[in-house]
Amino acid sequence: MPWVTIILSMAAAMSLTLAAIHFRVWVHRRESRESLLFTVAALAAVATALLEAWLMHAETPADYSERFRWLHLPVGIIVIALAWLIPVYLKAGRAWLAGLITAVRGLLVTINFSSPGNATFREISGLRPVTFLGETLAAPIGTDSPWRILAHLSVLLLVAHALDAGLTARRLRTRPRPLLLSGVIAYAAIQSAVFSSLMARGVLPGPFVGLGFTIIVIALSYELSNDLIRSNQMARDLEKSEGRMRLAAAAADLFLWEWDMERDEVWVVGGDDQETDSPATLPMTLDRFLESIHPDDRIRMQSSLSRALAGEGELQAQYRQFDDSGHGRWFSVRGTVIRDARDRPLLVRGASRDITGRKQAELELEARRRELAHVQRVSTVEQLSSALVHELSQPLGAILRNAEAAALLLQKEPADLAEIRSIVADILGDDRRATRIIDRLRALLKRRDLAFEKLPVGQLLAGMERLVQTEFQARGATLRVEIEPRLPDALGDPVHIQQVLLNLLSNALDAVADEDPGRRTIDLQASPGESGWIEFAVVDRGAGIPSRQLENLFEPFFSTKPQGTGLGLSISRTITEAYGGRIWAESNPEGGATFRFTIRTAPPESGT
Amino acid sequence: VSEPRQTVFVVDDDASHLSGMERLLRASGYRVECFSTARELISRLSNPAFGCIITDLKMPEMDGVELQQALAHSENPLPIVFLTGHGDIRTSVTAMRGGAEDFLVKTAPAEELLAAVDRALARDRREREDRARRRELRARFGMLTGREREVLGHVLRGRLNKQIASDLGIAERSVKRHRTSLMRKLEADSVAELVQLAVEAELN
């Protein structure tokens with residue numbers, strides 16, 4: 001039986017099969033470079049085994065020399081492929097060693113094809129028949145090539161490279177069993193070297209490197225298939241956990257999405273459309289997603305997204321989307337930006353939640369609150385109307401007196417036209433003054449939507465001071481306004497904030513009504529609160545509040561005054577809390593009470 | 001004796017209203033002096049003044065009622081017409097009790113205002129005459145001797161000469177003499193006139 005030929009053919013066939021399998025893997029997973037390198041190495045191993053069988057059946061020394069020369073090509077390819085496979089697969093090792101091996105082996109192959117003979121034998125003088133495993137084969141007799149040393153060097157380097165990478169990988173735990181691979185490579189390399197020298201001494205008809213390589217290919221294939229099994233297991237686990245996640249998402253009315261920034265694809269999983277159990281991932285681009293959002297909410301969503309991408313916190317927004325039947329639904333979205341090692345955003349991953357129901361309740365509550373605030377505003381206006389009517393009587397009285405005087409002046413001959421002219425100018429001025437007062441009254445009465453504005457605190461409190469001035473005068477009280485310098489602007493609806501201030505000031509006026517005139521001073525202060533907040537305080541020197549009442553003060557219909565509605569402070573709290581702030585009362589150590597509330601600061605102007 | 005010219009003193013913290021007031025009163029033939037605070041008017045009134053005051057009720061620092069109280073104890077309390085933005089019952093009651101001549105809303109027509117001013121000026125004249133007469137009578141009573149004053153007290157209580165003589169322990173003739181002297185000094189012709197003079201001079 002020609003065992004040598006059979007063994008080598010079997011080794012070739014095995015390598016070819018494994019090459020085919022891993023080539024397929026590589027076609028599906030282009031990023032798996034180890035599969036590509038393995039395929040190359042395995043194909044070269046096929047060529048090596050076949051060439052060796054051919055070599056050992058050479059008839060003449062010239063044939064043998066020529067076939068040997070060709071044998072160098074696949075062997076070189078295997079050595080180089082292994083040199084690169086090691087760092088790729090083990091995720092360890094030194095790239096310069098792989099480079100050096102490539103250079104040495106490349107040089108050897110070049111010399112092999114450009115010098116007489118080949119890189120192993122300078123000249124083969126004759127062939128000696130050797131009977132080996134039941135086959136008579138040709139063994140070479142000749143002189144060694146001086147370049148043979150390069151082949152040994154490359155093998156030594158490969159062994160060193162494999163062991164170094166294996167030890168590093170074991171230390172860093174980049175792979176399980178790293179020493180198996182490097183051990184097999186080292187063993188096969190040493191075996192080839194030993195067989196090669198046995199061949200040189202004429203003991204063996206050929207170097208039998210193909211056998212060593214086949215061992216490597218089998219070991220490698222075993223390792224790679226373990227990887228495949230592992231990733232299969234992972235895929236199954238992933239599917240299970242995805243199923244669980246979908247269930248949780250469906251239960252929580254959530255749907256999950258991921259925006260791959262590089263490919264500009266948005267993947268959506270879950271949500272209400274999830275009636276079939278199929279993994280309903282619908283790819284779409286960011287632009288199409290943004291287009292599906294209600295135009296009013298789009299800019300907010302975009303700006304939140306770009307803030308998140310710029311590294312300023314999470315993506316967080318609420319938006320409306322129209323479903324197929326044209327009904328708008330509210331969604332709340334939260335997301336995180338995933339970044340690469342260089343901190344560049346790679347993808348955004350998040351969860352959206354259908355909050356249509358909650359939003360409707362919120363809007364309803366908001367409407368209620370506005371109604372209530374309006375009712376209360378009307379009663380506040382009633383309180384203030386006497387002051388405003390008094391204020392209005394000034395310009396109206398002045399207009400009347402001036403007009404009457406002008407009528408009298410016109411009856412005289414000659415009429416004092418210069419005087420009449422200045423009277424008319426004054427009448428016009430007073431008319432404008434009256435209009436402004438009426439406008440203020442109207443602004444107080446008007447019912448409207450929340451308008452968030454930047455409110456310079458100085459202006460706000462100056463307007464407040466004007467509004468209560470006459471009331472304070474009438475009650476013989478003094479208002480002291482103190483604003484800390486460099487206070488940022490507040491954010492809110494001016495009417496609402498004035499309303500809270502009015503309530504507190506009007507309570508303070510009641511509190512000091514029975515005090516000596518010297519104690520009827522009320523302080524209105526604005527100072528920075530916690531970061532992002534402004535704290536307003538109204539300080540009186542009245543009788544103060546019993547400590548057990550401090551917490552009930554803000555309950556609806558709680559009142560200590562016989563004619564109080566008990567709504568003022570409750571509505572002040574509703575307003576303050578609608579803005580996310582808080583309101584509370586304290587007793588002053590020197591007597592009287594202090595009411596404080598907080599309002600958010602306006603975000604600083606961007607770009608200025 | 002020529003009647004001194006009366007002046008309308010106007011106080012209002014609202015400059016525009018003040019000047020409208022001044023124009024109307026001047027055009028209507030009154031002498032006017034304007035003040036933007038009550039304190040300025042008080043310091044002006046430390047000099048002799050005749051006429052009346054028109055003041056805004058609500059003013060910073062010192063309001064109309066406080067002005068009224070400050071002037072009530074002065075030598076020369078001028079009648080006051082109050083102006084207000086709107087009818088405030090509590091304040092108007094206080095003001096009227098304090099002797100306000102009138103209480104008007106600022107938007108009252110000129111006729112009402114001028115009528116109130118005329119009434120106030122007439123009252124000023126009348127009160128000034130009353131005050132002058134009172135001063136004169138008090139001067140007359142001041143001329144009496146101690147004994148004459150004692151006798152006067154008894155006469156006013158309706159005692160007869162004989163009773164007075166026994167009460168004071170003096171002769172009835174002496175009583176008659178004192179009585180004649182005091183009647184002459186007080187320029188009274190009868191006991192009834194004497195009683196009236198005493199009431200007018202606000203003795204007791």
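Student: Which residues does A:Ile185 touch, not counting those up to four places away in sequence?

Tutor: The model is predicted: local features need pLDDT of at least 70, side-chain atom pairs count only at pLDDT 80 or more, and totals for chains, interfaces and linings use all residues. Residues are numbered from 1 along each chain as its sequence is written, chains are lettered from A and ligands numbered from 1 in the order in which they are written, and side-chain values use heavy atoms, leaving out hydrogens and water. Contact means heavy atoms within 4.5 Å. On that basis, A:Ile185 touches A:Leu82, A:Ile86, A:Leu158, A:Ala162 and A:Ile216.

Student: Which residues touch the most other members of the largest nonpolar core?

Tutor: A nonpolar core is a set of buried Ala, Val, Leu, Ile, Met, Phe, Trp, Tyr and Cys residues joined through side-chain atoms within 4.5 Å, and buried means under 20% relative accessible area (1.4 Å probe, protein chains only). The largest such core holds 62 residues. Its members with the most contacts to other members are A:Leu82, A:Leu158, A:Ile185 and A:Ile216.

Student: Which element gives the largest share of this core?

Tutor: Helices are DSSP runs of H or I, at least four residues, and strands are runs of E, at least two, numbered from the N terminus. Elements supplying at least two core residues include helix 1 (3-28), strand 1 (121-132) and helix 7 (209-251) of chain A. The largest share, 13 residues, is that of chain A's helix 3.

Student: Is A:Phe113 buried, partly exposed or exposed?

Tutor: This residue, A:Phe113, lies in helix 4 (residues 95-114) of chain A. Exposed means over 50% relative accessible area, with partly exposed between the buried and exposed limits. Because its relative accessible area is 32%, A:Phe113 counts as partly exposed.

Student: How much area is buried between chain B and chain A?

Tutor: Buried area is the accessible area (1.4 Å probe) that two parts lose on being put together, summed over both. The contact takes 24 residues from each of chain B and chain A. Carbon and sulfur atoms give 54% of a buried area of about 1,900 Å².

Student: Which residue of chain A meets the side chain of B:Arg23 in a salt bridge?

Tutor: B:Arg23, B:Ala27 and B:Lys58 supply 31% of the area that chain B buries against chain A, more than any other three residues. A salt bridge is a side-chain nitrogen of Lys or Arg within 4 Å of a carboxyl oxygen of Asp or Glu, and three are counted between chain B and chain A. At 3.2 Å, N to O, the partner of B:Arg23 is A:Glu419.
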